[in-house]
Amino acid sequence: MGTLVDDDAAAEFHAFFERHYAELARLAHLLTGEADAADDLAADALFALWHRWDRVRAADRPTAYARGVVANLARTRIRAAVRERRRMTLFWSQREDRTENPDVPGTVDVQEALRRLPFRKRACVVLRHAFDLSEKDTALALGVSVGTVKSQTSKGMAELKRLLGTDEAAVRMRAGALPAGGTGGRGR
């Protein structure tokens, strides 16, 4: 008789999954702003729901419960990203600039402009231009597609050019305006 109840629970969960997965993924996308993370968060939420399925199906509003799980997972993801950004900022602010005869005003300008870019654009620009990584290596480092690297780098460079008021943003980065590994730009 226990098997029959388990089969019924599995069938109910499967129906719930089919009805609500897309909605939960859309919610995750809107909460995090990350399309790639949305499917993962929805899947993680449904996995958690399956482990508590007896409680979930007994709830007055199982869909509301599921939305709450997605919201909590999204909040956790956002907080982790904020902590990571703070660690990165702290790391970069404590680095010693070892470039000989640096263009201090240029360095300050580029670093300030970089801080104004959204994280993904900033990461793509820095990895591509300051660290001279390939599009593929940048994509691997950031866990995104090569297409994302291309578009984010292009948009980031356009924004830097606008912020710096020059078409030489990449040249300034490569010339050492941004310290990278203590070598002044491209590993020289």
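R162 counts as exposed, at 55% relative accessibility. This is a predicted model. The protein chain holds 9 helices and 0 strands. Along the sequence the pattern reads α-α-α-α-α-α-α-α-α. Of its 188 residues, 32% count as buried. The salt bridge count comes to 5.

- R162 pairs with E159 in a salt bridge, with 2.5 Å between the closest N and O atoms.
- Both residues lie in helix α8, 3 residues apart, or about one turn of the helix.
- E159 is partly exposed, with a relative accessible area of 26%, whereas R162 is exposed at 55%.
- T148 also belongs to helix α8, which covers residues 146–164.
- The side chain of T148 makes a polar contact of 2.9 Å with the side chain of S145.
- T148 and K121 are 27 residues apart in sequence, yet their C-alpha atoms are 9.5 Å apart in space.

**Salt bridge between R77 and E34**
- R77 and E34 form a salt bridge, their closest N and O atoms being 3.1 Å apart.
- R77 lies in helix α4 and E34 in the loop between α1 and α2 (35–51), so the pair ties together parts 43 residues apart in sequence.
- R77 is partly exposed at 35% relative accessibility.
- E34 is partly exposed too, with a relative accessible area of 26%.

**End of helix α1: T32**
- T32 lies in helix α1, residues 2–32.
- T32 counts as buried because its relative accessible area is 14%, under the 20% cut-off.
- A polar atom of the T32 side chain lies 3.1 Å from the backbone nitrogen of E34.

**Helix α3: D54 and R57**
- The side chains of D54 and R57 meet in a salt bridge, 3.9 Å from N to O.
- About one helical turn separates D54 and R57, because they are 3 residues apart in helix α3 (residues 53–58).
- D54 is exposed, with a relative accessible area of 56%, whereas R57 is partly exposed at 28%.
- Through shared partners, salt bridges join E12, D54 and R57 into one network.

**Surface charge**
- R75, R79, R83 and R86 gather in a patch of positive charge on the surface.
- One of them, R79, is found in helix α4, residues 62–94.

Notes:
Residues numbered from 1 in each chain as written. Predicted model: local features only at pLDDT ≥ 70, side-chain atom pairs only at ≥ 80, totals over all residues. Heavy atoms only, no water. Helix = DSSP H or I, 4+ residues; strand = E, 2+ residues; numbered from the N terminus. Polar contact = N/O pair within 3.5 Å; in protein donor to acceptor, adjacent residues only side chain to side chain. Patch = residues over 30% accessible without salt bridge, like charges linked within 9 Å, V, L, I, M, F, W, Y side chains within 5 Å. Areas by Shrake-Rupley, 256 points an atom, 1.4 Å probe, with all protein chains shown as cover. Salt bridge = Lys/Arg side-chain N within 4 Å of Asp/Glu carboxyl O. Lys, Arg positive; Asp, Glu negative; His and termini not counted. Charge placed at Lys NZ, Arg CZ, Asp CG, Glu CD. Buried < 20%, exposed > 50% of the residue type's maximum accessible area, 1.4 Å probe, protein only.
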